[in-house]
Amino acid sequence: MDHPIQLVVTDDLRRSRLTVFFRLLLAIPHLVWLWLWGIAACIALVIAWFAALFTKRVPDGLHAFLARYLRYQVHVYAYITLTADPFPAFDGANAYPVDLTVAPPEEQSRLSVFFRVLLALPALILSGVMNYLVEILVFFAWFACLFTGRMPEGMRNLLAFTIRYHAQTYAYYGLLTPRYPSLNVGL
């Protein structure tokens with residue numbers, strides 16, 4: 001059974017050496033926008049939590065807002081980690097070489113919604129550990145991309161795997177899905 005949060009990778013592995021060299025500087029406007037949007041997403045998540053607790057479902061508008069934030073987050077992380085090359089749009093709505101599909105809202109258990117933070121802890125911890133490992137991998141990927149102008153496919157796939165797990169973890173924690181994140185390797 002497919003997970004309701006899917007990562008779609010259409011990246012061609014080519015990288016611009018110039019943008020790879022300055023990637024972190026180029027990403028600063030996205031990081032600022034992601035932080036600002038994240039504040040609004042936190043407020044929306046609290047409202048969504050109360051709504052799901054009482055109605056067993058996140059309202060469509062809140063779900064769409066949180067899904068779009070998560071999609072934008074995936075685009076920015078893919079750009080920063082060199083998993084994708086083009087400069088992402090600031091809206092989270094346009095297609096990107098590493099993109100996310102989010103299923104529509106579905107009914108969720110009130111008990112699961114109430115204890116979602118506790119239930120998500122193991123996945124959040126694993127996602128955090130993966131993020132540390134990603135930093136090491138990106139360090140080596142930066143040199144590989146800088147010298148060859150290409151991202152090694154294995155590195156890209158491993159980075160995409162961690163981005164997918166992170167997105168599924170946020171989607172579970174953020175009430176976008178009642179499905180727990182999957183460690184299934186398939187992209």
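A pocket is defined on a 1 Å grid over the protein atoms alone, as an open set of points where a 1.4 Å probe fits, with protein on both sides within 12 Å along at least five of seven lines; lining residues have an atom within 4 Å of a point.

The model is predicted: local features need pLDDT of at least 70 and side-chain atom pairs count only at pLDDT 80 or more, while totals for chains, interfaces and linings use all residues. Residues are numbered from 1 along each chain as its sequence is written, and side-chain values use heavy atoms, with hydrogens and water left out.

**Stop 1: the second largest pocket.** Select L45, V46, W49, F114, R116, V117, Y173 and L175, which form the lining. Helix 2 and helix 5 are the elements that give two or more residues to this lining, and helix 2 gives the most, with 3 residues. Helices are DSSP runs (H or I, at least four residues), numbered from the N terminus. By class, the lining holds 7 nonpolar residues, no polar ones and 1 charged. Nonpolar covers Ala, Val, Leu, Ile, Met, Phe, Trp, Tyr, Cys and Pro; charged covers Asp, Glu, Lys and Arg; the others, Gly among them, are polar.

**Stop 2: the largest pocket.** Select I80, T81, V134, E135 and V138 next, which lie nearest the centre of the largest pocket among its 20 lining residues. The space in this pocket is about 510 Å³. At least two lining residues come from each of helix 1 (17–21), helix 2 (23–55), helix 3, helix 5 (116–148) and helix 6. Helix 5 supplies the largest share, 8 residues. The lining comprises 13 nonpolar, 5 polar and 2 charged residues.

**Stop 3: helix 3 and helix 6.** Select residues 60–80 for helix 3 and 153–173 for helix 6; the two axes come within 11 Å and cross at roughly 160°. Helix 3 is therefore roughly antiparallel to helix 6, a term for angles over 145 degrees. Axes are lines fitted to C-alpha atoms, for helices over the stretch in contact, and angles run from 0 to 180 degrees between N-to-C directions. The crossing of helix 3 with helix 6 is right-handed, that is, the near helix is turned clockwise from the far one by less than a right angle, whereas anticlockwise is left-handed. On the helix 3 side, show L66, Y69, L70, Q73, V74, Y77 and A78, which meet I163, H166, A167, Y170 and A171 in helix 6; contact means heavy atoms within 4.5 Å. The contact residues are 10 nonpolar, 2 polar and no charged.

**Stop 4**

**Stop 5: helix 2 and helix 3.** Finally, select helix 2 with helix 3, which pack at an angle of about 155° with axes 10 Å apart. Helix 2 passes helix 3 in a left-handed crossing. Their contact residues divide into 22 nonpolar, 3 polar and 2 charged.

Key. Angles under 35 degrees count as roughly parallel, over 145 as roughly antiparallel, 65 to 115 as roughly perpendicular and the rest as oblique. Grid points are joined across faces, edges and corners, and a volume is the space filled by probe spheres set on the points.
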